[in-house]
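Keep the structure open beside you as you read.

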Amino acid sequence: MKPMAHVSLDGVSKAFGFVPALSNITFKAGRGETLCFAGENGAGKSTLLRCICGLLRPDTGKILISDKDVFSASARRTLWKQIGVLEQGASFFYEDLTCAENLQLYAKFSLGENDEKQVLRVLERVGLSQSRVQRFRELSGGMRKRLALGRLLLQSPTVLVMDEPFAHLDEAGEEVLLEMIEEYRCAGVTIFYASHRIDLASRNADRVIVLEHGRIVDTAQRGNISSDGSETLLQ
Amino acid sequence: MSAEGRIFSALVAKDLKTIWRRPTQIAATIGFAVLSVIVASFAFRQIGYTQADLLAVTPGIIWLVFLFTGVVALNYSFLPEYEDRALEGVLRASGSPATVYLAKWTTNYLFIAVVLLAVLGAHGLFFGADLSASLALMITIALITAIGFVALGTLLAAVAVVHRERELILPLVLFPLLIPLLAGAVFVTRELLSHGSIDLSGFWFVLICVFDIVSLAVSTVLFEHVAAS
């Protein structure tokens, strides 16, 4: 029996001016499923992820999470809280606040009481406990990415959307992220991410969807993903 | 404390920290207010206006300086939200745009109140018109007027901040909408300075109060749509 779809996209298209970015994207993902989007630069990976998490409204088509339209007014209040987002160009933090203060702010949204201890634990886990009083504007790209991972750890998402999550991370950071993905998957979180790192995708993705010029040109199931990232992605 | 209350207090604390850690922003805004009053004093006081003349132009001067300085402050207020797209993250994670708006309104109101006191203080020091007899009422009127100003200004600053020409866009959109409030403030201030008291049931004072209530309510509702777009 097929698992029930947690996230479904039906005929999603998006164009920027006259340039099509996504054309008729349709697929479904179940709870606990991890999907990796692969493709060259400009293939539409980031646009697709931004549509899934509600940051970008498609021109046509529907995106449903738990049968709710991602762009409905009620979704903005309830559903968006459940979507963890890791973007490439932004971490959604305040530049003048320290690492700990930024995470404490997000902890207040989701945890309530005892948030300080939880924040310290998260900082420890992402390897930023030494930098907890450093302001966000002083952090390197990799440290910013780690702090963003910390933000995701404080949320309890049911859907996780990550654009190039391995970029800027060193080996230790990659390991933290891979562990997180595994934990979230076990907890039934549906995970989408875009990556050029097919070697890492082969370790944790249930499906790799290959995009080209905004269209799905191939899909590979777990076990059929080549780990060398070569053209023999689909065997 | 309720979830909304917890989010509100966390956001207000965050905004106050952010403002405090940008001292140049505080200094620049208050400096602009003081300089504007000094320029106005050169335009009127130094050319031989009498005390009566100065009192007659005082309402216009105070509210014009406040309007321009207030716009500078509002423009600054959303910059930290725009850098690294922090507002987007906060809106998504809190799930409560109305609370995010009201928290921003609160910190903007507190900052604008400080600006207003700076305008009145600079006016007392440099303009020469004696307001001491009606200062308490003057401050009260200013604080009541600021409610509507900050309500509309906070909403429109959120719209303007994403544009490169934000410094121009905000006053262009905000000033026409503020005309009833500004007219009310000028008339009530003139009434206060000439009679030493104000009529609480008079048209202009009621207009200010209605404007405050409507603009705060409408902006709280509209912020969700502004944020979504």
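Predicted model: local features only at pLDDT ≥ 70, side-chain atom pairs only at ≥ 80, totals over all residues.

## Getting our bearings

Helices (H or I, at least four residues) and strands (E, at least two) are DSSP runs, and they are numbered from the N terminus.

Is L139(A) buried or exposed? Its relative accessible area is 6%, and buried means under 20%, so L139(A) is buried. Not counting residues up to four places away in sequence, L139(A) touches C99(A), Q134(A), R144(A) and L147(A).

S129(A) counts as buried because its relative accessibility is 17%. Leaving aside neighbours within four places in sequence, S129(A) is in contact with L123(A) and E124(A).

## A mixed sheet in chain A

Now for the sheets. Strands of a sheet pair through backbone hydrogen bonds, either parallel or antiparallel. One open sheet of chain A has 6 strands in the order 6-7-8-3-9-10, and its pairing is mixed. Its edges are strand 6 (83–86) and strand 10, each of which pairs on one side only. On average, neighbouring strands here are turned by 15° against each other, direction ignored.

You can find both kinds of pairing in this sheet. Strand 7 (residues 159–163) and strand 8 (residues 190–194) of chain A run parallel and are joined by 5 bridges, with D163(A) opposite A194(A). Strand 9 (residues 207–212) and strand 10 (residues 215–221) of chain A pair in the antiparallel sense over 6 bridges, and there V210(A) stands opposite D218(A). The hairpin of strands 9 and 10 of chain A has 2 residues between the strands, and H213(A) takes a positive phi near 50° in this hairpin.

Helix 6 (residues 171–186) of chain A lies across strand 3 (34–38), strand 7 and strand 8, running at about 145° to strand 8.

## An antiparallel sheet in chain A

Chain A also has an open sheet of 4 strands in the order 2-1-4-5, with antiparallel pairing. Strand 2 (19–30) and strand 5 (68–69) of chain A are the edge strands. Between strand 1 (residues 5–16) and strand 4 (residues 60–65) of chain A there are 5 bridges, and S13(A) faces T60(A) in strand 4. Helix 1 (residues 45–52) of chain A packs on this sheet and touches strand 1, strand 2 and strand 4; its direction makes about 55° with that of strand 2.

## A helix pair in chain B

Over in chain B, how do helix 7 and helix 9 cross? The axes of helix 7 (residues 135–160) and helix 9 (residues 203–228) of chain B come within 8 Å and cross at roughly 25°. Angles under 35 degrees count as roughly parallel, so helix 7 of chain B is roughly parallel to helix 9 of chain B. Their crossing is left-handed.

Residues of helix 7 of chain B, including I144(B), G148(B) and L155(B), meet residues of helix 9 of chain B, among them F205(B), D212(B) and V226(B). The residues of this contact divide into 14 nonpolar, 4 polar and 1 charged.

Conventions: Residues numbered from 1 in each chain as written. Chains lettered and ligands numbered in written order. Heavy atoms only, no water. Pairing = 2+ DSSP bridges. Axes fitted to C-alpha atoms, helices over the stretch in contact; angles between N-to-C directions. Parallel < 35°, antiparallel > 145°, perpendicular 65-115°, else oblique. Left-handed = near helix turned anticlockwise from the far one by under 90°. Contact = heavy atoms within 4.5 Å. Nonpolar A, V, L, I, M, F, W, Y, C, P; charged D, E, K, R; others polar. Buried < 20%, exposed > 50% of the residue type's maximum accessible area, 1.4 Å probe, protein only.
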